[in-house]
Amino acid sequence: MAETTSLVIKVKSDSVGKATKDLKKLSTQAKVTATSTGKFGTTAKGIQPAMGAASKGIHGLNVSMKGLAVTTAALLIPLVALLAPFAIFKKLLTAGTAIGKFRAQLKTATGSVEQAAFQFQELTKFASETPFALEQSIEAFVKLKNLGLDPSESSMRSYGNTASAMGKDLSQMIEAVADATTGEFERLKEFGIKSSSAGDRVTFTFRGVATEVGKNAAEIEGYLKDLGEVEFAGAMADQMNTLGGRVSNLGDRWEQMWIAIAESGVDDWMGNLFDSMGGYFQIFEDLFTSGAIQSEIETWRIAFSLI
């Protein structure tokens, strides 16, 4: 019994000793944690000035960027002001040159200045109402006229509908029509039109529908015109309602604005300017050709050599 009591006391004594050691370890760990926490606090306090400095640096960078933007704008504005007149002059020169080219083409096709002027106005209107540019519209008219085909507005609109429906340029359709009227039907395949000819007859097949016509320019032209008016009616209007059509129309209006400015008399003024410049160039050319400039230079050379 005494031995048992002694064993119990010893066990309890050992447990108390172990618990005491654990408490001491826990206390030591707490002190270490407190020390670390204090160091972290100190470190955090040390970071705060650095963060403040970084914030000031970012603010300074923003100020610098704003200053750079102001400086760039200050440099670009005079540059743009300097280059703008040259850009305007170049655009007017391009527009004036185009007008001369268009009027010359139309005069050749129609046979008179008056008819050329009338067709120019009509084609300008056509271009503003369709997805096709003025230059492309004039080229289509001239090609039809020169080939002896129908260049009327109704024909142009019919071919324009077919081209728009097939995602082609008006010039491509006009070339296909021109080739077809001479018996060359290869280009029509680009528009889904198949053909087979026998003797003086030709059969066109479109979307499974076969149509036989005489193998002559008038009947072939009539078939292709009817195709655009019936099968593809409204195709140009549909394309004009798309974003691409609106962008194209805006581009036409932009070009027509410059053409109108050039036609207001600016092109004549520019023509006179270039004539005057040509006269001055001729004067200098004559001076060099006659030897007058070389003689004057030699006189000055001799005079300076004697000094």
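## Strand pairing

In strand 3, Val213 is the bridge partner of Val202. This is a predicted model. Strand 2 covers residues 201–206, and strand 3 covers residues 209–214. The two run antiparallel and are joined by six bridges.

Strand 1 and strand 2 pair in the antiparallel sense, over five bridges. In general, the strands of a sheet pair through backbone hydrogen bonds, parallel or antiparallel.

## The sheet and its turns

The three strands make an open sheet with the order 1-2-3. The pairing is antiparallel. Strand 1 (194–198) and strand 3 are the edge strands, and each of them pairs on one side only. From one strand to the next, the twist averages 20°.

Strand 1 and strand 2 form a hairpin with two residues between them. In that turn, Gly199 has a positive phi of about 65°. The hairpin of strand 2 and strand 3 likewise has two residues between the strands. There, Arg207 takes a positive phi near 55°.

The structure holds three aromatic pairs. One of them is formed by Phe204 and Tyr223, and this pair is stacked. The ring centres are 4.8 Å apart, with 10° between the planes. With a cut-off of under 30 degrees for stacking, the value of 10° falls in the stacked class.

The pair links distant parts of the chain. Phe204 lies in strand 2, and Tyr223 lies in helix 6 (residues 217–230). The two residues are 19 residues apart.

## Helix 4 against helix 6

Helix 6 also packs on helix 4, at an angle of about 65°. The axes of the two helices are 7 Å apart. Their crossing is left-handed.

Helix 4 brings Ser154, Ser155, Ser158, Tyr159, Asn161 and Thr162 to the contact. Helix 6 brings Glu221, Leu224, Lys225, Gly228 and Glu229. By class, this contact has two nonpolar, six polar and three charged residues.

## Helix 4 against helix 5

Helix 4 (residues 153–165) has a further packing partner in helix 5 (residues 170–180). The angle is about 110°, and the axes are 8 Å apart. Helix 4 is therefore roughly perpendicular to helix 5. The crossing of these two helices is right-handed.

On helix 4, the contact residues are Met156, Tyr159, Gly160, Thr162 and Ala163. On helix 5, they are Leu170, Met173, Ile174 and Val177. The contact divides into seven nonpolar and two polar residues, with no charged ones. Tyr159 and Thr162 of helix 4 are listed in the contact with helix 5, and Tyr159 and Thr162 also belong to the contact with helix 6.

## Helix 2 against helix 3

Helix 2 (residues 113–129) packs on helix 3 (residues 134–146). Their axes are 9 Å apart and meet at an angle of about 125°. That angle makes helix 2 oblique to helix 3. The crossing is right-handed.

From helix 2, the residues are Gln119, Phe120, Leu123, Thr124, Phe126 and Ala127. They meet Leu134, Ser137, Ile138 and Phe141 in helix 3. What is the class make-up of this contact of helix 2 with helix 3? The residues divide into seven nonpolar, three polar and no charged.

Notes. Residues are numbered from 1 along each chain as its sequence is written. This is a predicted model: local features need pLDDT of at least 70, side-chain atom pairs count only at pLDDT 80 or more; totals for chains, interfaces and linings use all residues. Side-chain values use heavy atoms; hydrogens and water are left out. Two strands pair if DSSP finds at least two bridges between them. Helices (H or I, at least four residues) and strands (E, at least two) are DSSP runs, numbered from the N terminus. Axes are lines fitted to C-alpha atoms, for helices over the stretch in contact, and angles run from 0 to 180 degrees between N-to-C directions. Angles under 35 degrees count as roughly parallel, over 145 as roughly antiparallel, 65 to 115 as roughly perpendicular and the rest as oblique. A crossing is left-handed if the near helix is turned anticlockwise from the far one by less than a right angle, and right-handed if clockwise. Contact means heavy atoms within 4.5 Å. Ala, Val, Leu, Ile, Met, Phe, Trp, Tyr, Cys and Pro count as nonpolar, Asp, Glu, Lys and Arg as charged, and the others, Gly among them, as polar. Rings of Phe, Tyr and Trp (its six-membered ring) pair if their centres lie within 6.5 Å; planes under 30 degrees apart count as stacked, over 60 as edge-to-face and the rest as tilted.
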